[in-house]
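Trainee: Please take me through this structure slowly, one feature at a time.

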Amino acid sequence: MISIPLNDILRAAKLFPIVPNWGLLDGGACACLRPGCEYPGKHPALTNGFHGASQDEAVIRRWHHATGGNMNPGFRLGAGICALDTDPRNGGLENYERLIAQYGPMPLTPKVITGRGDGGF
């Protein structure tokens, strides 16, 4: 299980609404417990998906407590904000290099590190 500190999640919630995604269990299985889950640790734990995202500290604390700290926070993006996944397993780094070659360097932007150690913008 990978546990992200609650304070880090609450800090991020000041910028973006948080979506509680299912976490990973020891061994890499998804905490949703669906056999053969296609997206372990990467799909919303809410029935209304990203529409249920919140920046409310009390709500986020309840989610974190309900999952025993095994919550993989996601962000609801929009209003001109997007994410660029550079997953090297799916050609992301090569595509990123082509994007830079065609349009020039990226502006200063936040970066994330995924559970696998991959990056994204």
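Trainee: At what angle do helix 1 and helix 2 pack, and how far apart are their axes?

Mentor: This is a predicted model, in which local features need pLDDT of at least 70 and side-chain atom pairs count only at pLDDT 80 or more, while totals for chains, interfaces and linings use all residues. Residues are numbered from 1 along each chain as its sequence is written, and side-chain values use heavy atoms, with hydrogens and water left out. Two packed helices are described by the angle between their axes and the distance between the axes. Here helix 1 (residues 6-13) and helix 2 (residues 57-66) pack at about 145 degrees, with axes 11 Å apart; axes are lines fitted to C-alpha atoms over the stretch in contact, and angles run from 0 to 180 degrees between N-to-C directions. Helices (H or I, at least four residues) and strands (E, at least two) are DSSP runs, numbered from the N terminus.

Trainee: Which residues meet in helix 1 and helix 2?

Mentor: Leu6, Ile9, Leu10 and Ala13 of helix 1 meet Glu57, Ile60, Arg61 and His64 of helix 2, where contact means heavy atoms within 4.5 Å.

Trainee: How is the ring pair of Phe16 and Phe75 arranged?

Mentor: A pair of aromatic rings is described by the distance of the centres and the angle of the planes. Rings of Phe, Tyr and Trp (its six-membered ring) pair if their centres lie within 6.5 Å, and planes under 30 degrees apart count as stacked, over 60 as edge-to-face and the rest as tilted. The count comes to one aromatic pair: the ring centres of Phe16 and Phe75 are 5.6 Å apart and the planes are at 55 degrees, so this pair is tilted.
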